[in-house]
Amino acid sequence: MRFSKASIFGGIVFAGDLFFWHLAILKTTVANATFFATMAPLFVVLIVWLVLRQQVSRGTFMGLALCLLGGAALIGQSLQADPARIEGDLYGVATAFFFGLYFLAASRARKTAGAARVTFEAGLITSAILLVIALLFDTRVIPQTAQGIAALLAMSYVSHAGGQGLLAIALGRLPAVFSSLVIFLEAIAAAVFGWAILGEELTLIQSLGGALILFGIWTARPKVPKADALDE
């Protein structure tokens, strides 16, 4: 089986995404790391618009702005501006940049391959790179407890196979720019799970932030051509 160049590139940049994401968590607060990581759509839009020279609709820019405002409202109260954590914050920005590249690579790969194959090929490349990194940072790679094994299985089959697999399906049917905005739903999910499981109170500002994100995604949705709408 021959891997496509897009899948290989996707695996490389996704390894960069995960590498810097974990560094960000170690070097700054979880709130800061999460906020900066959700800026991936900003890089997707900028790369598509400024580098690839593709047209980006006004609705997409408006939707992106609304999502950024909503994300700031959801997480902003927990953000901490601390010069001592600037390194971790920059790692969070790097996470967003690499994840943005992954969106574009996976979208390109889906033009010639199915979602399962793209997820498998990119995942295999990512796993090989991260194994080398793990061995360089820590000689203990295999989980030592049942809890560690359970966490590894959950990340493998739920987060990666499930999450990235569904993302690959979406990227085969929707533009990468719009699909990337869905990453903002992570902030909503984190807030809802924190409220439902951990009993964390949701403020009015956070609730409005979640509503802004949903409205931003709706605003940026791909428009159906009038001819197609009439046919339906």
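Predicted model: local features only at pLDDT ≥ 70, side-chain atom pairs only at ≥ 80, totals over all residues.

Biologist: Good. At what angle do α3 and α5 pack?

Modeller: Helix α3 (residues 40-51) and helix α5 (residues 86-109) pack at about 55 degrees, with their axes 7 Å apart. Helices here are DSSP runs (H or I, at least four residues), numbered from the N terminus. Axes are lines fitted to C-alpha atoms, for helices over the stretch in contact, and angles run from 0 to 180 degrees between N-to-C directions.

Biologist: And what do you call that arrangement of α3 and α5?

Modeller: α3 and α5 are oblique to each other. Angles under 35 degrees count as roughly parallel, over 145 as roughly antiparallel, 65 to 115 as roughly perpendicular and the rest as oblique. The crossing of α3 with α5 is right-handed; a crossing is right-handed if the near helix is turned clockwise from the far one by less than a right angle, and left-handed if anticlockwise.

Biologist: Which residues of α3 and α5 meet?

Modeller: From α3 there are Ala40, Phe43, Val44, Ile47 and Val48, and they meet Val93, Ala96, Phe97, Phe99, Gly100, Leu101, Phe103 and Leu104 of α5. The residues of this contact of α3 with α5 divide into 12 nonpolar, 1 polar and no charged. Contact means heavy atoms within 4.5 Å. Ala, Val, Leu, Ile, Met, Phe, Trp, Tyr, Cys and Pro count as nonpolar, Asp, Glu, Lys and Arg as charged, and the others, Gly among them, as polar.

Biologist: Which α3 residues are buried?

Modeller: Ala40, Pro41, Phe43, Val44, Val45, Ile47 and Val48 are buried in α3. Buried means under 20% relative accessible area, exposed over 50%, and partly exposed in between (1.4 Å probe, protein chains only). The buried residues of α3 pack against α2, α4 (58-75), α5 and α8 (176-181).

Biologist: Let's stay with α5. How many of its residues are buried?

Modeller: In α5, 17 of the 24 residues are buried, so this helix is largely enclosed by the rest of the structure. α5 reaches 35 Å from its first C-alpha to its last, close to the 34 Å expected at 1.5 Å a residue. The expected span of a helix is 1.5 Å times one less than its number of residues.

Biologist: What about Ser107, buried or exposed?

Modeller: Ser107, found in α5, counts as buried, at 13% relative accessibility. Leaving aside neighbours within four places in sequence, Ser107 is in contact with Leu171 and Ala176.

Biologist: How do α1 and α5 cross?

Modeller: The axes of α1 and α5 come within 7 Å and cross at roughly 160 degrees. α1 and α5 are therefore roughly antiparallel to each other, and their crossing is left-handed. The residues in the contact of α1 with α5 divide into 16 nonpolar, 6 polar and 4 charged.

Biologist: Now the loops. Where is Arg53?

Modeller: Arg53 is found in the loop between α3 and α4 and is exposed, with a relative accessible area of 70%. Its phi is near 60 degrees, a positive value in a residue other than glycine. Most residues other than glycine have a negative phi.

Biologist: And Thr29, buried or exposed?

Modeller: Thr29 counts as buried, at 14% relative accessibility, and its place is in the loop between α1 (5-27) and α2 (30-37).

Biologist: Last one: which residues does Gln164 contact?

Modeller: Gln164 lies in helix α7 (residues 146-171) and counts as buried, at 12% relative accessibility. Setting aside neighbours within four places in sequence, Gln164 is in contact with Phe14, Phe99, Tyr102, Thr119 and Ser159.

Notes:
Residues numbered from 1 in each chain as written. Heavy atoms only, no water. Helix = DSSP H or I, 4+ residues; strand = E, 2+ residues; numbered from the N terminus.
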